[in-house]
Amino acid sequence: ILLEHLAEDGGGETGYAACDHLLVAASADELEPFAALAARLVQRREQYGWPAREDLYEVSPQRAREMFPPLGRMLRVLYHRNAARVDGRLLNRALVRASERRGLAIRPVSVDRLLINGRTVAGVIAGDESHRASSVVIAGGAWSKSFGAQLDTEIPVEPQRGQILHLQVADRDTGAWPIVQGFHDHYMVSWDGGRVVAGATRETGSGFEPRLTAGGVHEVLVEALRVAPGLAGAAMLETRVGLRPLAADGIPVLGTVPGVQGIYLATGHGPSGLMLGPYSGKVICDLLLGRQIEVDLAPFHVTRFQ
């Protein structure tokens, strides 16, 4: 639905494409989490009727290598045919472009403080400018915590550095290759034109230092080649780094703030931001506008930390 709206509003390309997904156990230490995941999926199927048997099932390592030729010796592989990929940069641009066409005004400034009258928000202060508003959404990423003191509420969100690599595979049609994901918190996503993205580090405690490191790049390369040694000859196109907003318990922080009317939180998604961000935005928007929401926000409320 989001992609349809973006297309209608002239958002442009998002890089979205349906693709297959392989969950692989490449070493003995991954067999136990592999079996646990398979059991959970069976339980989910029995409880909810999905994923359907024809959509998710175990395949042979040989079949997995046919789908993703660089794979090494796998022990077990789960195949999921209803996955998808999206380019985060393109999706962000499309969201901004479509929103501007619907009247969104963007001010590239840093918000220093909230304007609060009594226990009701009145806007924000950015530099020497005041921006009046009856509702404010704090979606400040790794910097969201800085507003906690003014709200008398702890927002335990810290930066978690992530480093990823873009590889170029020569003379290969990689556009139809599946996503590959092991059980060491790393993944590989393939795109048209021989590009394979390998990531990503999860450097909790990194602080506000969005810089590439020798150790981080080494970690990503070692993990990629452990699972897919056939990528050893790939050229290194690009390295990227960013800071994720990671909540103390790893679960997003969504909803209102106790004691201050008109303030909403949408932060703390950690490594799941690209996948959960659009839906979180919809939920907060519905909440702000007084619409009925489809999910119980109690487990995500900031009061859980108190």
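Mentor: Let us settle one term before we start: contact means heavy atoms within 4.5 Å. Please also keep in mind that this is a predicted model.

Trainee: Which residues does Arg-195 touch, not counting residues up to four places away in sequence?

Mentor: With those sequence neighbours left out, Arg-195 touches Asp-87, His-166, Leu-167, Gln-168, Thr-174, Val-189, Ser-190 and Leu-237. Arg-195 itself is found in strand S11.

Trainee: What is the nearest side chain of opposite charge to Arg-195, and how far away is it?

Mentor: It is Asp-87, at 4.3 Å. A salt bridge requires a side-chain nitrogen of Lys or Arg within 4 Å of a carboxyl oxygen of Asp or Glu. Arg-195 is buried yet has no salt bridge.

Trainee: How many salt bridges are there in the whole structure?

Mentor: A search of the whole structure gives 15. In general, side chains of opposite charge can pair when their charged atoms come close. One of the pairs here is Arg-102 with Asp-9, at 2.6 Å from N to O. That pair ties together parts that are 93 residues apart in sequence, because Arg-102 lies in the loop between H4 and strand S4 (113-117) and Asp-9 in the loop between helix H1 (2-8) and strand S1 (17-25).

Trainee: Are Arg-102 and Asp-9 buried or exposed?

Mentor: Arg-102 has 64% relative accessibility and so counts as exposed. Asp-9 is buried, with a relative accessible area of 17%.

Trainee: What separates Arg-63 and Glu-66 in helix H3?

Mentor: About one helical turn, because the two are three residues apart in helix H3 (residues 61-67). Arg-63 is partly exposed at 39% relative accessible area, and Glu-66 is partly exposed at 48%.

Trainee: Which residue forms a salt bridge with Asp-185?

Mentor: Arg-202 does, with the closest N and O atoms 3.7 Å apart. Arg-202 lies in the loop between strand S11 (195-199) and strand S12 (203-204), while Asp-185 lies in the loop between strand S9 (179-181) and strand S10 (187-190), so the pair ties together parts 17 residues apart in sequence. Both count as partly exposed, Arg-202 at 41% relative accessibility and Asp-185 at 45%. There is also a network of salt bridges that links Glu-30, Glu-223 and Arg-226.

Trainee: What is the phi of Asp-185?

Mentor: Phi of Asp-185 is positive, about 65°, although the residue is not a glycine. Most residues other than glycine have a negative phi, and most peptide bonds are trans. Asp-152 likewise has a positive phi, near 55°. Asp-152 is found in the loop between helix H5 (148-151) and strand S8 (157-168), and at 63% relative accessibility it counts as exposed.

Trainee: Which peptide bonds are cis?

Mentor: The bond from Trp-50 to Pro-51 is cis, with omega near -5°. Pro-51 is found in the loop between helix H2 (31-48) and strand S2 (56-59). The bond from Gly-199 to Ala-200 is also cis, with omega near -15°, and Ala-200 lies in the loop between S11 and S12.

Trainee: Moving to H7, which of its residues are buried?

Mentor: In helix H7 (residues 273-288), they are Ser-280, Val-283, Ile-284 and Asp-286. The buried residues of H7 pack against strand S7 (136-138), strand S14 (253-257) and strand S15 (260-267). Gly-290, which follows H7, has a positive phi near 80°.

Trainee: And the surface: which residues make the nonpolar patch of about 220 Å²?

Mentor: Val-137, Leu-288 and Leu-289 make that patch. Leu-288 belongs to helix H7 and is partly exposed, with a relative accessible area of 31%.

Trainee: Which residues gather in the patch of positive charge?

Mentor: Arg-89, Arg-93, Arg-97 and Arg-101 gather there on the surface. Arg-101 is found in helix H4 (residues 88-101), and its 59% relative accessibility means that Arg-101 counts as exposed.

Note on methods:
Residues are numbered from 1 along each chain as its sequence is written. This is a predicted model: local features need pLDDT of at least 70, side-chain atom pairs count only at pLDDT 80 or more; totals for chains, interfaces and linings use all residues. Side-chain values use heavy atoms; hydrogens and water are left out. Patches are made of residues with over 30% relative accessible area and no salt bridge: like charges are joined within 9 Å, nonpolar side chains (Val, Leu, Ile, Met, Phe, Trp, Tyr) within 5 Å. Accessible areas come from the Shrake-Rupley method with a 1.4 Å probe; for residues, only the protein chains shown count as cover. Lys and Arg count as positive and Asp and Glu as negative; His and the chain ends are not counted. The place of a charge is taken as NZ of Lys, CZ of Arg, CG of Asp or CD of Glu. Helices (H or I, at least four residues) and strands (E, at least two) are DSSP runs, numbered from the N terminus. Buried means under 20% relative accessible area, exposed over 50%, partly exposed in between (1.4 Å probe, protein chains only).
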